[in-house]
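The sequence and coordinates are shown first.

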Amino acid sequence: MTLKIYADRMSQPSRAVIIFCKVNGIEFEEIKLDIAKRQHHSSEFKEINPFRQVPAIVDGRFKLFESHAILRYLACAFPGVADHWYPADLFKRAKIESVLDWHHSNLRRGAGGINLFIIIGINSEARLLPKPDVIGSLLMWMTLTWSLSFLIDLVFSAAYVLHSTLAPALGLKKNPQAAAEGEKILSASLEQIESIWLKGNGRFLLGSFKPSIADLSLVCELMQLEVVDEKDRDRILGPHKKVKQWIEDTNQATRPHFDEVHAVLFKLKAKLQLQKQQMLEANNKIEYGTKTVLPSKM
């Protein structure tokens with residue numbers, strides 16, 4: 001039976017799983033779940049993942065969720081997957097595991113934010129919800145239906161991208177303090193990637209000469225920064241030349257699938273840039289109109 005992947009490409013982990021399958025020639029059927037429309041809360045999907053998160057897979061009778069577990073399974077279960085993705089060597093494999101564990105408690109807290117944005121304001125086709133008043137009710141729903149630990153993780157993951165860039169698109173005020181805290185976590189994570197995980201002669205994590213599932217997972221996370229203003233993205237990534245080169249190397253190693261799967265993110269970026277330009281033009285018109293109105297002589 002054909003492998004089924006339940007995913008929303010706006011989700012970083014979903015993109016990592018899809019790219020991995022495409023690069024390694026694993027045939028699959030992509031079942032698209034639009035998180036903004038709560039399609040992941042269907043009774044059918046709950047049978048696959050009781051936590052109602054993407055990605056998840058079904059391989060015959062076997063069901064699995066959590067992206068890192070899925071990547072491990074795919075690397076081991078399907079013939080033809082190159083050893084460098086998840087080496088048979090126990091020592092090398094354990095090192096990859098250490099990066100994956102570090103990912104969730106560090107980088108993901110600082111670089112994320114798009115997940116919350118999907119749920120409270122944007123769908124997989126990059127269409128903004130017309131009324132920001134849905135936010136309160138959806139946050140209430142999140143609190144009632146999600147596990148506390150996942151909700152906390154989600155709030156942390158929203159820190160930089162949400163509060164620095166996405167909030168205005170949702171009709172919310174920017175939160176400079178939250179954005180600064182998120183940027184602090186993100187910058188520390190980038191420094192650790194550069195000084196610890198990218199040490200060695202190779203171009204990839206752990207000094208490897210070819211990418212592993214850890215490279216793919218972390219780079220998909222950092223691609224969330226694509227929606228941030230260029231000047232902010234350059235300010236954050238600029239000091240980390242090794243990280244920037246590693247992102248590009250991972251992109252090159254997985255092309256053309258990397259760009260194709262991330263197309264939805266590029267579309268969102270264009271949508272946000274257009275919206276920002278329209279807001280600036282509208283504000284300029286209001287300001288110009290205010291300056292040119294003459295007092296009545298009546």
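In α1, the residues Gln12, Arg15, Ala16, Ile19 and Phe20 meet Ile213, Leu216, Ser217, Cys220 and Glu221 of α11, where contact means heavy atoms within 4.5 Å. The residues of this contact divide into 6 nonpolar, 2 polar and 2 charged; Ala, Val, Leu, Ile, Met, Phe, Trp, Tyr, Cys and Pro count as nonpolar, Asp, Glu, Lys and Arg as charged, and the others, Gly among them, as polar. The model is a predicted one, in which local features need pLDDT of at least 70, side-chain atom pairs count only at pLDDT 80 or more, and totals for chains, interfaces and linings use all residues. Residues are numbered from 1 along each chain as its sequence is written, and side-chain values use heavy atoms, with hydrogens and water left out.

Helices and strands are DSSP runs numbered from the N terminus (helices H or I, at least four residues; strands E, at least two). Axes are lines fitted to C-alpha atoms, for helices over the stretch in contact, and angles run from 0 to 180 degrees between N-to-C directions.

| Helix pair | Angle | Axis distance |
|---|---|---|
| α1 (residues 12-23) and α11 (residues 213-222) | about 140° | 8 Å |
| α4 (residues 90-105) and α11 | about 20° | 9 Å |

The angle of about 140° between α1 and α11 makes α1 oblique to α11. The angle of about 20° between α4 and α11 makes α4 roughly parallel to α11. Angles under 35 degrees count as roughly parallel, over 145 as roughly antiparallel, 65 to 115 as roughly perpendicular and the rest as oblique. The crossing of α1 with α11 is right-handed, whereas α4 passes α11 in a left-handed crossing. A crossing is left-handed if the near helix is turned anticlockwise from the far one by less than a right angle, and right-handed if clockwise.

On the α4 side, Ile96, Val99, Leu100, Trp102 and His103 meet Ile213, Ala214, Ser217, Leu218 and Glu221 in α11. This contact of α4 with α11 comprises 7 nonpolar, 2 polar and 1 charged residues.

The model also contains an open sheet of 4 strands with mixed pairing, in the order β2-β1-β3-β4. Its edge strands, β2 (28-32) and β4 (62-65), each pair on one side only. On average, neighbouring strands of this sheet are turned by 20° against each other, direction ignored. Within the sheet, β1 (residues 3-7) pairs with β3 (residues 56-59) in the antiparallel sense over 3 bridges; two strands pair if DSSP finds at least two bridges between them. Tyrosine 6 stands opposite alanine 56 in β3.

Helices also lie across these strands. Helix α1 lies across β1 and β2, running at about 150° to β1. Helix α3 (residues 67-77) lies across β1, β3 and β4 and runs at about 135° to β4.

The loop between α2 (43-48) and β3 holds proline 55, which is joined to valine 54 by a cis peptide bond with omega near 5°. Arginine 52 lies in the loop between α2 and β3 and has a positive phi of about 60° although it is not a glycine. Arginine 255 and proline 256 are likewise joined by a cis peptide bond, with omega about 0°; proline 256 is placed in the loop between α13 (241-253) and α14 (257-261). Glutamate 66, in the loop between β4 and α3, has a positive phi near 80°. With 43% relative accessibility, glutamate 66 counts as partly exposed (buried means under 20% relative accessible area, exposed over 50%, partly exposed in between, with a 1.4 Å probe and protein chains only).
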